[in-house]
Amino acid sequence: MLHPKKVTALPVDATDEVKQTNEIGMAIPLLEALDIAGKTITADALLTQRKIAEHVVARGAHYLFIAKDNQPTLAADIRLHFANRGEPDFREPLSLAHGRLEARAIWTSTALNDYLDFPHVGQVFVIERQRIDKTTGKASTEVVYGLTDHSPESASPKRLLAFNRDHWGIEAHHYILDWNWDEDRCRVRTGHGPENMTRLRRFAVGLIKAKSNDSVAATIDKLARRVRRVFDYLLMTDNAKPRASRSAAAVG
């Protein structure tokens, strides 16, 4: 489900004034426009905020948040709890995608439910991702910590891991936009400019993924500042048309 909302200014209650805000300030107004009852709201560490958790649960939804050092005590408590973890509660089979082998595992616990200074905690978890690049053989491991209001009865370790995978599928798309076009630092900020630019970038990503076997970054590198090659790539020139089509056009 997509419901984009511009990060801008919010009205001050009972006044004509507005105040500048950021992604944290826009999270609840965005959620208010959606029917979230029964859904699980996932977020990265920036939005791991008590007010947002309270709002989500009060609306009959669930949250699954990542804990990092913007919430240092919360992250440290969860990290310490899992310092000597044993076998995972669930491990996904090894998979191959995007030129790399990936294996993910999750550990969960209810031991901190009454200890953490965060509302409605039902479980904490740690997820470990192990990746091997098929081309280079380089191996890497990433560990993330998090919490959710889901109880073990409402969300098993397997289900929590699926929620997290779905979330990072969306984050990966934002990563492509920022990596290739430095979108987070784009200086187009007035009128409909920001929306128009991001829609063009998303359109380009979708087009490249549909037409190319190369990565988005590799395709952009091949086409950048080469107008003729872009038209060939989009099959908009006679040179790029299939041979049979060119022959028919010549006969006609």
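Is H120 buried, partly exposed or exposed? At 40% relative accessibility, H120 counts as partly exposed. The cut-offs are these: buried is under 20% relative accessible area, exposed is over 50%, and partly exposed lies in between, with a 1.4 Å probe and protein chains only.

A word on the source. This is a predicted model, where local features need pLDDT of at least 70 and side-chain atom pairs count only at pLDDT 80 or more, while totals for chains, interfaces and linings use all residues. Residues are numbered from 1 along each chain as its sequence is written, and side-chain values use heavy atoms, with hydrogens and water left out.

Now the overview. The protein chain has 8 helices and 9 strands. Those are DSSP runs, numbered from the N terminus: helices are H or I with at least four residues, strands are E with at least two. The chain has 252 residues, and 32% of them are buried. It exposes about 16300 Å², with 53% of that supplied by carbon and sulfur atoms. Accessible areas come from the Shrake-Rupley method with a 1.4 Å probe, and for residues only the protein chains shown count as cover. Next, contacts, meaning heavy atoms within 4.5 Å. Take those with a separation of 6 or more: residues 24 or more positions apart account for 49% of them.

On to the inside. A nonpolar core is a set of buried Ala, Val, Leu, Ile, Met, Phe, Trp, Tyr and Cys residues, joined through side-chain atoms within 4.5 Å. The largest one here has 28 residues. Which of them touch the most other members? They are Y63, F65, I78, F118, V124 and L147. Several elements each supply at least two residues of this core, among them helices α1 (23-32), α2 (50-58) and α3 (72-81). Another core lies apart from it, with 10 residues, among them I106, V144, L160 and L161.

Look at Y63 next. Leave out residues up to four places away in sequence. Y63 then touches, among others, T40, I41, A53, F118, L147 and H120.

That brings us back to H120. H120 sits in the loop between β7 and β8. Its phi is positive, about 65°, although H120 is not a glycine. Most residues other than glycine have a negative phi.

Now a few single residues. A45 is in the loop between β3 and α2. A45 counts as buried because its relative accessibility is 9%. Beyond four places in sequence, A45 touches I66, K68 and N70. A45 and D69 are 24 residues apart along the chain, yet their C-alpha atoms are separated by 8.3 Å.

H55 is in helix α2. It is buried too, with a relative accessible area of 15%. Leaving aside neighbours within four places, H55 is in contact with I28, L31 and E32.

R129 lies in strand β8. Buried or exposed? R129 is buried, at 4% relative accessible area. From R129 to S140 is 11 residues in sequence and 8.2 Å in space, C-alpha to C-alpha.

S151 is in the loop between β9 and α4 (157-181). It is partly exposed, with a relative accessible area of 26%. Neighbours within four places aside, S151 is in contact with G122 and Q123.

Last topic: a helix pair. Helix α5 (residues 193-211) packs with helix α6 (residues 216-223) at an angle of about 100°, and their axes are 10 Å apart. Axes are lines fitted to C-alpha atoms, for helices over the stretch in contact, and angles run from 0 to 180 degrees between N-to-C directions. So α5 and α6 are roughly perpendicular to each other. The classes are: under 35 degrees roughly parallel, over 145 roughly antiparallel, 65 to 115 roughly perpendicular, the rest oblique. Which residues make the contact? V205, I208 and K209 come from α5, and V216, T219 and I220 from α6.
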